[in-house]
Amino acid sequence: MFSEFIQLTIAGLAVGSIYALIALGFVLIYTSVNVVNFAQGDFAMIGAYFMVSLVVVLHLPWWLALLLAVAATGLVGALFQLLIFQPVRNRPRNFLPVMIATVGASVFLEQAFLLIYGPIPYQLPPIFKAESVAVLGVHVYPQYIVIIVVTAAMVALLNWFLERTKLGKQLQATAQDPDTARLMGIRVAWMAALTFAISTALGGLAGLLIAPVYTVTATMGSSIALKAFAAAIVGGFGSMKGAIVGGLGIGLIETYGATYISGSYRDAFPFIVLILFLIFRPYGLFGEKISQKV
Amino acid sequence: MIRSIAKFLPFIALLVLIPFLLPGGRLGSYYLTLLILSLSYAVAALGLTVLLGYSGQISLAQAAFFGIGAYTFSILAVNHHVGYWSAALAAVVVTTGFGLFLGAISLRLASHYLALVTIGFQIITELVLNNWNAVTDGADGISNIPRPSLFGYAITSDHGFYFVSVAVLVLASYVVFRLRHSRLGGALFALREDEIAASANGISLFRTKVLAFAVSAALAAMGGILYASGSLYISPNVFNFYQSVSFFAMALVGGQASIVGTTLGAGLITFLPEVLRFLHAYYIAVYGVLVVIVVLFMPEGLYGLLLRGVGAVATLISGRRRADEGEVVSLEAGAIPERPVASDRPLLEIRDLAKHFGGIKAVNGVSLTVNRGDVAVLIGPNGSGKTTVLNVLSGIYTATAGSIVYDGNAITNLGPTRINRLGISRTFQNIRLFPELTALENVAVGYYRRGTVGLAGALLSRPRGYREEREAMEKARETLRFLGFARLDVKAKNLPYGQQRIVEIARAIVSGPELLLLDEPAAGMNHEETEMLSQILYRIHALGVTMLLIEHDMSFVSSVATRAYVMDFGQKISEGSVKQVLSDPAVMKAYLGDDVEYA
Amino acid sequence: MLEVSNIQSRYGQVTALHDISLEVRAGEVVALLGVNGAGKSTTLKTISGLLHPTRGEIRFEGERIDRMAPEAIVRRGIAHVPEGRHVFPGLTVRENLIMGTSNRKVSRAETERDIEGILEIFPDLKRLYTQMGWSLSGGQQQMLAIGRGLMAKPRLLMLDEPSLGLAPVIVKQVFATIERINAQGMTVLLVEQNVNLSLKVAHRAYLLETGRIVRADTTEALRADEGFRAAMLGAGAH
């Protein structure tokens, strides 16, 4: 009973880490350019496919493949920003068109990768071949541990970058007050590209980490992204802390719910949590209501 | 009105004729099926015309409402054998209920956040449709959905149902059209353009938003019923997030606020895959790219571009120029109208008012009294808290402490809509006109609080609805004329600054307020314009309107004000006649700074 | 140093500046005076590149800058301290100051030295060093905003309404600071509503009215002109 609970908790935290990484991407982009990027999940798919190419086809060692795949996904993300957001950045009321454009781009990306890699799902081997490892005397799937550890490291790295480097502070300054940032000489356009690169790289990392658990298909990103999106709302859209807590929380609730309540409603639990939040706390756990200034 | 309806006739004729233009055989009947689908989409997309195009609310849940309508209808008609029309009515009612729910949530959310919440609603709906097997039959969907009978004739053929769908579309268009031209339509537009200005003109944000969502949901339900009945079978995957995006694309492609444009957009999006079929495997990818290009680079939509092209050609042919600057504002100068003498009966009493923003004490204990018939002016250096007083007074900010009594009633923290309805109206420092509305429409919105006709009235009881619309327009015209303004049909955003001020003042006085609050009416005006403004304020004063204004231009202040209050650092430092306060050393110091050495 | 020739600027349809010409010479403090809405702030925004003029040209040290982005202009040595201070609310005082160096490549040691210099001018900031921008009072924010502007090592510092909403004591401090940094060689273009203090600290002044320059003179001449002060108080009167 207890060992099952530990197993579930670790599985839940692992899935939750994936949601948290993608939710962080949503939040970073949203706070910096005020747009929701609905193609966020597709970058998980792109990261996973890149990993497939590097590991299965080119036989690179997994750590090198991981770095290259994440970097390449970030590069695609920066390019994506250049094509989707940059042309209309100065237009008033650009929120809606850009958001819809990201949905169009999502359709395009999924189809493009379907055409490139074909409809047959790929299986990515796990990073450690062992069937299970013992944690607290409980046997768990090693990939889960990899996911949790890599995510934690990534969050720490991101935090270091945003809080301890000048570039990170410039990124924050741009999000807080873009016009004043420009007066300081901060290249706002670069900051937007960088934000997209980081966010999509996080998505790519999430995708290649979860790939050994699921299979790699062109649409693998969209269902993960929807739950990550729910996680971001539950956490309070715009709060990075919220994205992490929301992601882990949603992961746990989904895993516990599927086991203890009903397996067929597995996918519904995150959204039941979401709807409760929408009714009782629409600004989420850490979100703040900002009133309009006259 | 009749002429604007006549504009639609060619489109209706076209819709009626299309089936007879189709090729015969299988291809023809395939196209007819697609046409029926696009009509059902068009009805639902019209909901977005109201919600997005008119009221500016973002919703990515239109497919959810479409689905709730379709499912409620199908479950009742197929599984519970309810009659066709009763089931349809129930479906519309149920869906509207969900619309009310989402609308009620929406009030608490800023527009970006609202979009996120509607997506949440969309996703949850999808999940329920997929998983609530006992009621929705889950992924299997519902088949054998009936088609209606009319006057005893069962309509079973695709041809017959096509015409039923056209009739529903025409009805839906009429509803949307009537709404647009009603008092409520004005409220929706005002909401889209500027929520603060809308509420300061007596428009309840809550009721208006909820109304927009409800109408939009009802139209989605009508579309959903057509869809179910048209395709005879429904399953959850039709009503997914991507369908919501498709609805959006339809509204955007057609130009968000155009009925005809949205209908054409629905047709275009539905038939686009057919047109792109020659691309084989690539067509979905190309479709994605097209969506990106259209929404990013054609902000007016394809239909908007088309209209502009036609307009340009027409101008070229007729050689007619657009109405130019022309005659602008003309007030016969000269005799200053007789102005009422201020009484000693207080109309407005502010006691120890304070407003703090975090650590910043913008207003810190201000008391002042405005008597009936006064033109009181609030002066003081920038940042001294004057505008904050006005914002608390009009309900835009809530007071930290203190009380406001108007006409014997406490109105502290009542909210802008209520305060406006009590007869206090205002203008804003940074002019908050509704930029996309004409001067006349802007002013007519100001008359909103005098209207009584609601949704049903606007749609059904024609005479009263029309009468009220005419009255609002007539009053607006009269008021603008009273202020000497003639460019009624120019969009507010295209008016020069000084004229925008005058239109904003007209909007504030059209409903006949007792107290008018003006925030720096002369700011940015040149000498002649300021002269004109004094004339305008004399006239308004002569009507018996009491005024409280903020102003920097002292020669202007001296000419209009009967009483002056001076603020500095959130506190009142002087009061009296304009002459008195201007010679007060404390005021000199506040304005020009200290004469003592500072270093 | 700075030459603005016949510029016109608009916000959308609204023309805010009709025809502005002015110059600032190295070492001067020049004040732009005028009532609200006269176009003072718009003039500064046009110089710093937040707005682009629809007509006319702007030269800084001989180079045309009126088509450049703000990032490029601050790199050339013009720092603009905006109206309302605009400190970054979610960054600390130290981080705000560091943001000021975004216009150039600086070593860590040099940044620390520059911060030391700023803290000497504004000793109050020392004690607030790790506080967030939003938690500062108006006067502290103004000090920080000016300090952040100075961190750019500009040759021309533009200050927009530095006394706005500040208590008299603080206003005096701010003006004393302006005078001091000017004495150290900084050229300043100042937009102010506090006429007396501006006339005291500035060498020359321009009076703006509805987007036009209506008077340009030395501050001695303006101070001596009794009618001018009356005109500023009863602004708009001729």
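This is a predicted model: local features need pLDDT of at least 70, side-chain atom pairs count only at pLDDT 80 or more; totals for chains, interfaces and linings use all residues.

User: What share of the 238 residues of chain C counts as buried, and what makes a residue buried?

Analyst: Residues are numbered from 1 along each chain as its sequence is written, and chains are lettered from A and ligands numbered from 1 in the order in which they are written. Now to your point: a residue is buried if 20 or more other C-beta atoms, placed from the backbone, lie within 10 Å of its own, exposed if 12 or fewer, and partly exposed in between. By that test, 51% of the 238 residues of chain C are buried.

User: Why is C:Ala16 called buried?

Analyst: C:Ala16 has 23 C-beta neighbours inside 10 Å, so it counts as buried. This residue belongs to strand β2 (residues 14-24) of chain C. Strands here are DSSP runs of E with at least two residues, helices are runs of H or I with at least four, and both are numbered from the N terminus.

User: Which residues is C:Ala16 in contact with, beyond its neighbours within four places in sequence?

Analyst: They are C:Ser9, C:Arg10, C:Tyr11, C:Gly39, C:Thr42 and C:Gly211. A contact means that the C-beta atoms of two residues, placed from the backbone, lie within 7 Å. C:Thr210 is 194 residues away from C:Ala16 in sequence, yet their C-alpha atoms are 7.4 Å apart. Over chain C, 66% of the contacts with a separation of 6 or more join residues 24 or more positions apart.

User: How do you know that the size of chain C agrees with a compact globule?

Analyst: The globule rule is 2.2 Å times the number of residues to the power 0.38, and the radius of gyration is taken over C-alpha atoms. For 238 residues a compact globule would come near 18 Å, and chain C has 17 Å, which agrees. Its C-alpha trace spans about 50 × 40 × 30 Å along the principal axes, and chain C holds 10 helices and 10 strands.

User: What makes chain A as compact as a globular protein of its length?

Analyst: Chain A is built from 11 helices and two strands. Its radius of gyration is 19 Å, close to the 19 Å that the rule gives for 294 residues, so the description holds. Of those 294 residues, 55% are buried.

User: Why is α12(B) called mostly covered?

Analyst: Because 12 of its 13 residues are buried, which is the class for 20 or more neighbours. Among them are B:Phe241, B:Phe247 and B:Leu252. Just after this helix, B:Gly255 has a positive phi of about 90 degrees.

User: What makes up the contact between chain B and chain A?

Analyst: Chain B brings 34 residues and chain A brings 36. On the side of chain B, α6 (111-131), α12 (241-253) and α14 (283-297) each give two or more residues, with α6(B) giving the most, 11 residues.
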